Amino acid sequence: MKIWITRHGQTRYNKLKLMQGLTDEPLNETGIAQAQAARQRIGDVKFDAVYASPLDRAIVTGSIIGGVPREEVIVDPRIIEADFGKYELHKYTGLGPRMSLFWALPEVFPAPPTVESIASLVERSQSFLKELEQKDYENVLVACHGGIMRALSGYMMDRKNGICWRPKPHNCEIRVFESIDGVHRMVEDIKE
């Protein structure tokens with residue numbers, strides 16, 4: 001099975017450099033164009049299923065890249081973005097030392113109060129992917145967010161800490177992984 005994991009296209013809050021976790025902000029025009037360009041880059045790949053976070057920006061991205069109507073996108077709450085708590089919709093540059101250090105080096109610094117922990121991201125990512133790996137799919141698309149994509153990638157790369165934090169996933173970047181009998185490998189990283 002090939003598991004194609006993508007981050008949603010750009011939103012107005014991405015453009016404004018705001019922490020956008022659980023806020024349900026739609027794609028902007030650039031985000032829609034990014035998703036359309038990503039679809040063109042992957043050619044005529046047919047997905048057996050398209051999964052997305054419950055947030056509109058992920059659902060629409062999944063629909064466009066996956067080449068399926070919105071109604072066919074399977075929504076799974078386990079792949080929603082990290083909960084940024086009191087830092088939601090704050091500028092990246094104004095987060096203060098605790099959140100800035102955590103977001104830069106979560107391997108070293110714990111999540112500040114009100115912010116979802118790395119352990120939580122890893123747990124829900126692994127739960128989702130282990131269940132997905134039991135399906136009989138050839139190609140499956142997972143449309144999600146920058147934070148949770150780091151945990152999904154960590155699982156698919158068999159990282160001990162469960163995350164692949166760097167490099168930061170770009171809007172509509174697609175990381176393609178292969179899962180065969182529980183053995184994982186990265187096949188391709190598709191970017192603009």
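The model is predicted.

## Aspartate 189 and its partner

Aspartate 189 pairs with lysine 191 in a salt bridge. Their closest N and O atoms lie 3.8 Å apart. The cut-off for a salt bridge is 4 Å. Lysine 191 is also partly exposed, because its relative accessibility is 38%.

## Salt bridges elsewhere

Side chains of opposite charge can pair when their charged atoms come close. The count for this model comes to 9 salt bridges. Some of them share partners: Asp76, Arg78 and Glu131 are joined into one network this way.

Arginine 12 and glutamate 25 form another bridge, with 3.1 Å between the closest N and O atoms. This pair links distant parts of the chain. Arginine 12 sits in helix H1, residues 12–15. Glutamate 25 sits in the loop between H1 and helix H2, which covers 29–42. The two residues are 13 apart in the chain. Their surroundings can be read from accessibility. Arginine 12 reaches 44%, so it is partly exposed. Glutamate 25 has a relative accessible area of 11% and is therefore buried.

## Glutamate 178 and arginine 185

A further salt bridge joins glutamate 178 to arginine 185. Here the closest N and O atoms are 2.9 Å apart. Glutamate 178 is buried, because its relative accessibility is 18% and the limit for burial is under 20%. Arginine 185 stands at 46% and so counts as partly exposed.

## Helices H5 and H6

Helix H5 spans residues 118–132, and helix H6 spans residues 146–156. The two pack at an angle of about 60 degrees. Their axes are 9 Å apart. The crossing of H5 past H6 is right-handed.

Which residues of H5 meet H6? On the H5 side they are Leu121, Val122, Arg124, Ser125, Gln126, Phe128, Leu129 and Lys130. On the H6 side, Gly147, Ile148, Ala151, Leu152, Tyr155 and Met156 take part. By class, the residues of this contact divide into 9 nonpolar, 3 polar and 2 charged.

Methods: Residues numbered from 1 in each chain as written. Predicted model: local features only at pLDDT ≥ 70, side-chain atom pairs only at ≥ 80, totals over all residues. Heavy atoms only, no water. Axes fitted to C-alpha atoms, helices over the stretch in contact; angles between N-to-C directions. Helix = DSSP H or I, 4+ residues; strand = E, 2+ residues; numbered from the N terminus. Left-handed = near helix turned anticlockwise from the far one by under 90°. Contact = heavy atoms within 4.5 Å. Nonpolar A, V, L, I, M, F, W, Y, C, P; charged D, E, K, R; others polar. Salt bridge = Lys/Arg side-chain N within 4 Å of Asp/Glu carboxyl O. Buried < 20%, exposed > 50% of the residue type's maximum accessible area, 1.4 Å probe, protein only.
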